[in-house]
Amino acid sequence: MFTPHTIHDVEVMLKSIGVEKIEDLFQEIPEQFRYPDLSLAPRLTEMEAVAELENIASANGTTKEFLSFLGAGAYDHYIPAAVDNLLQRGEFYTAYTPYQPEISQGTLQAIFEFQSLICRLTGMDVSNASHYDGATAAAEAVILATGHFRNKRKKVLLSRALNPQYRQTIRTYMQTDGSLQILGDDAETGIDIKNLIAQIDNNTALVMVQYPDFFGRIIDYKELVETAHANGALVAMAVNPTALGLLTPPGDLGADIALGEGQPLGIPLSFGGPYLGFFAVKDALLRKIAGRLVGQTVDAEGKLAYVLTLTAREQHIRREKASSNICSNQGLMTLAATIYLSVLGKHGFRQVSNLCYQKAHYAAEQISSIHGFEVMFPETPFFHEFVIRSEQPVDELLEHLLDHDIFGGYKLENDYPELQNCLMLAVTEKISREDIDYLCNILGEVDHD
Amino acid sequence: MTEPTIFDLSVPGRKGVTFPEPDVPEFALPEGFLREDLPIPEMSEMDAVRHFTSISQKNYAIDLGFYPLGSCTMKYNPKVNEVTSRLPGFASVHPLQPIESVQGSLYLMYELQNMLAEIAGFAGVTLMPAAGAQGELTGTLIIKKYHTDRGDHQRTRMLIPDSAHGTNPASSAMLGLDIVPLPSDERGNVDLVALRELCDDRLAGLMLTNPNTLGLFDENVAEVIKIVHEAGGLVYGDGANMNALLGVFRPGDVGIDVLHFNLHKTFSTPHGGGGPGSGPVAVREHLVPFLPDPVVGIIQEGDEDQAPLYGFIRPEKSIGRIKTFYGHFGVLVRAFTYISMLGQEGLRDAAEKAVLNANYLQEKLKGTYTLPYDRICMHEFVLEGRWSDVPDIHALDIAKRLMDYKFHPPTNYFPLIVPEALMIEPTETENKETLDRFVDAMLKIAEEARTNPQLLKDAPHNTPIRRADELKAARELMLCCSIDLE
């Protein structure tokens, strides 16, 4: 399959090499291990493979068939047709990493535009060409911060309201550094930012918070940033890019590092990946940033050109002294985000951001008026995600909603035992008022006795 | 012509894709948290489409021509992969849906775990790593945790052959392991004498790329593994070069303990201009408990009437979570499609034709270019891009001149152990005519190096840009568009 060789081609080529048969090319492989019998299903033609994959896919329920209020790190936004259509250009998706700038200007310019868009959205000075996803971008922020202080500061503070998967990933990445303490996200500290601020000291390398936080809340981080900076610590903010259509960018709030999950920018849910980690810093940290960077320059004739730059930091040159082992980026996903933001533009992107905000607030207001439900953190502003508490166990609630073709949201007890009976809902521009009213009708049927 | 950026194209007030007006009552925005401006471009949808179409045409790509980039396995990316991975049943599924509603995705992942374990001879597989480098990080974390779990805290040394990919030492260093370089012998194999000397109770493991980055199968692989195992170390296999071995040899059979795959190399998923990749990791039985959290398993056995229920399982001694959710699922669908279409027969055919193509090119070029290790190669080989009679000509010049002949250059200056290296990997999907045209170009360039060396020094001549000033890029850093909107 996909090999073009005729019998005649093979004969001519073998003769040219000077061997009799193809097996002669594998003589260096120990004989007892050669040509194992593999237990794989018989091969399929394209037509059969498509039928098989359609059959497997049909066993899934989708956000097209179900009304979905799931968020918690991945969001169901509308993706304009132009995004995927352009992504399917072979010139983009069948190219390698742009190591040869003369024949990679398309990819390079797109990354340069991506970096520029991320800088403008976040209010930061420098963006890299991306990390794998929000969680690995968060881990890279911790690596950057500990390296920045040459491992002399031994404490990293994570907000308990930072995405639990980000916190887990950070701990996996840092588990071999026995002297580093990762604190601040325990149940005792809780999700009140005051208790986190109290733990900042001059041994703290980094404080990481989320904006809006994992529960969708818009928290005022002014005091936290001031305290961190007064102690010489860096501040990283994990941000939802959709919210930045409306909200003050992290750069203006004093963040030293802004990172996040770029999936909301035109990337399909696709059961969790591939997504896009974005990562931006202030100028002072420019030389500490990991991953690829594209810079503008000129060619031999003085014409504007783009190249990968500052590559001396990277693994293929520095090997064990590299600032990170990262090799690939999320090339095609950065392109998706760049096209998404370009076709929406300032107006369309602001519309999406505002629609999410408005609809989520309508949903919260409606749900709070249903008997047996309360909206948590009522005094704190939120963006497009919020938490409700029910008198019923969440599992029963979710099952009831599922019976009515609704994915009700994310059960917070999974990660926050203190938030018993709490469900988190996300609302995007795709949800209509009718959908929200339907959800409320179904919730109203729940028996709280 | 220089293509303007999206910021150059922006005109205040111009709109692209628009959305409906709110169908809910208006709620006040949170005062004190609102941004003043949103400096992103404003353009029509068609302007954006033309812009991205136009810049796409400045790329070289597999769909345009031969891409013999060593160690990258730039094989054909079947179009059907782009159809299956976009099926709504896969693309429109949220990762946190109830497991009953994602049985299709979980079945596919479970089956792919089994397929990869079967193809490479292992007991367990994680599909979570986002790329090869993250696979390496995962694999080395597993090795480290295995030793600490046994109380072997002193095992901190990782042996890495001098021919290894740069990610190998970088991944190990990230985990605080001590990197110990291991030399190659005169046939390009691991130097057994040096290896024996370095094996003691401080040994954590050895990272082995086989075939190595010279494209050579290590003739002593069984012996190398035996020495490492006897010293209590584990062997990590860099599976970047699995394309040579599909259906021919299983690294697990010979005792490799951990191996990462690059689905974007071996299993035909597109490189996407630098990602997304996917780097599943396979392990032997004793390392299964250490795999990242979660893996996909059967949580309720099926029977005659009922399919089994698939779900997520946390391995007992797991190293933990390495990214959000479960892996690059969209890439996994593509690899699953590919393996389903090849089966055992097709996988072996792919490896055989990849090796045939590489040996054919090696044979045709080795008289004109120095071949430092003159052996039967696997799926790739390394030449020297230099000649003693024209000392000013470097591998870089040859690489750039190839662009004028409409070929993507080979990998150059890697592996580091060959001076002026040109690393050539044709892959199995290229036909003989293409290989012959490439040979003609390479021979012509060798001739030009003598008759008109300036032609090479100034190359490329027919590309969207000429040689780029990389020094200027690094000195006068311009990493972000400076145009002010409005």
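Visitor: How many helices and strands are there in chain A?
Guide: Chain A has 14 helices and 15 strands, taken as DSSP runs numbered from the N terminus (helices H or I, at least four residues; strands E, at least two). This is a predicted model, in which local features need pLDDT of at least 70, side-chain atom pairs count only at pLDDT 80 or more, and totals for chains, interfaces and linings use all residues. Residues are numbered from 1 along each chain as its sequence is written, while chains are lettered from A and ligands numbered from 1 in the order in which they are written.

Visitor: What percentage of chain A counts as buried?
Guide: Of its 449 residues, 59% are buried, meaning that 20 or more other C-beta atoms, placed from the backbone, lie within 10 Å of the residue's own.

Visitor: Which residues have the most contacts inside the largest nonpolar core?
Guide: They are A:A141 and A:L206, in a core of 300 residues. Such a core is a set of buried Ala, Val, Leu, Ile, Met, Phe, Trp, Tyr and Cys residues joined through C-beta atoms within 7 Å.

Visitor: And what is A:L206 in contact with?
Guide: Beyond its neighbours within four places in sequence, its contacts include A:A141, A:V156 and A:L234; a contact requires C-beta atoms, placed from the backbone, within 7 Å.

Visitor: Turning to the interface, how many residues of chain A are in contact with chain B?
Guide: On chain A, 163 residues are in contact with 165 of chain B. Helix α12 (residues 331-368) of chain A gives the most to that side of chain A, with 23 residues.

How values were computed
Two residues are in contact if their C-beta atoms, placed from the backbone, lie within 7 Å. A residue is buried if 20 or more other C-beta atoms lie within 10 Å of its own, exposed if 12 or fewer, and partly exposed in between; C-beta atoms are placed from the backbone.
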